Amino acid sequence: MTSPPRLLAAVTLILATTMYGTTAHADDDPNDPPGTEPSASAPVDVDPNDPDLKLPDGATLAQAKVLDIKSVVEEQSGDERREDTNTSVTLALQAEVLFGKDSSKLGAEAKSRIRGIADEIRTQNATRVRVFGFTDDLGSSAHGDVLSKRRANAVHDVLSQSLNDAGITYEVRGYGEQYPIADNSSEAGRKKNRRVEVSFPRSEP
């Protein structure tokens, strides 16, 4: 006998982001990959007998799922990428915008961009900030790990100096070539993967 058809009910869409903090520099053993925090459970119960659901005869509700709401905006040049959810903001700056080739030294224009991010962190009243560095897959993995850590540390230093707030907790990590956002088989993709991401919670409405 076949089981009756199942109908998936749309439930409230939310995203829960858990942040862990450290006031030091890049962690030597990152173990919580970015964007993999567990989503929250469904906040409301759905009455399967509610006539407004208009279930077909014999149908039952599938288990509720929590879906993530996400908006991604990227500059036409690709220099900056912004990801907004209902709970957090993530800003990704390409390494070429911030650093010279194979370097972790920030120029004046790069520091100005980072200070702009600090202004938004201040506006959102965020008390937890993540700074993650990434590279492409060229060269050795070990070199990428070291370079991404140095770059994340450099961005963290400017942010912390600009914000000058002892109440803010930072998590700073270098992930090297892990977690690419584009295909490393092309230079355009590798350019997107060479980045530093700054993320922080959105303030309560």
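Predicted model: local features only at pLDDT ≥ 70, side-chain atom pairs only at ≥ 80, totals over all residues.

A: A helix here is a DSSP run (H or I) of at least four residues, and helices are numbered from the N terminus. Asn 193 is found in helix α4.

The strands come first. Strand β6 covers residues 128-134, and six bridges join it to β7, with the two running parallel. Within this pairing, Phe 132 stands opposite Arg 173 of β7. To get from β6 to β7 the chain passes through helix α3, residues 141-163, and this β-α-β crossover is right-handed. Strand β7 spans residues 169-174, and five of its six residues are buried, so the strand is largely enclosed by the rest of the structure.

Next come the rings. There are three aromatic pairs in the structure. One of them joins Phe 134 and Tyr 175, whose rings are stacked, with 5.6 Å from centre to centre and 10 degrees between the planes. Phe 134 belongs to strand β6, while Tyr 175 sits in the loop between β7 and α4 (187-193), so this pair ties together parts that are 41 residues apart in sequence. Both Phe 134 and Tyr 175 are buried.

Tyr 175 also pairs with Tyr 179: the ring centres are 5.3 Å apart and the planes stand at 80 degrees, so this pair is edge-to-face. The two tyrosines can be set side by side in terms of accessibility. Tyr 175 has a relative accessibility of 1% and therefore counts as buried, the cut-off being under 20%. Tyr 179, at 30%, counts as partly exposed. Phe 132, Phe 134, Tyr 175 and Tyr 179 together make up one aromatic cluster.

Phe 134 has a charged neighbour as well. Arg 195 lies over the face of the Phe 134 ring, at 3.8 Å from the ring centre.

This leads back to Asn 193 in helix α4. Its relative accessible area is 0%, so Asn 193 is buried. Leaving aside residues up to four places away in sequence, Asn 193 touches Phe 134, Thr 135 and Asp 136, along with Pro 180, Ile 181, Ala 182, Asp 183 and Asn 184.

Phe 134 stacks with Tyr 175, has Arg 195 over its face and is touched by Asn 193.

Terms used. Residues numbered from 1 in each chain as written. Heavy atoms only, no water. Buried < 20%, exposed > 50% of the residue type's maximum accessible area, 1.4 Å probe, protein only. Pairing = 2+ DSSP bridges. Right-handed = clockwise from strand over helix to strand, strands pointing away. Phe/Tyr/Trp six-rings, centres within 6.5 Å; stacked < 30°, edge-to-face > 60°. Lys NZ or Arg CZ within 6 Å of the ring centre and 35° of its normal. Contact = heavy atoms within 4.5 Å.
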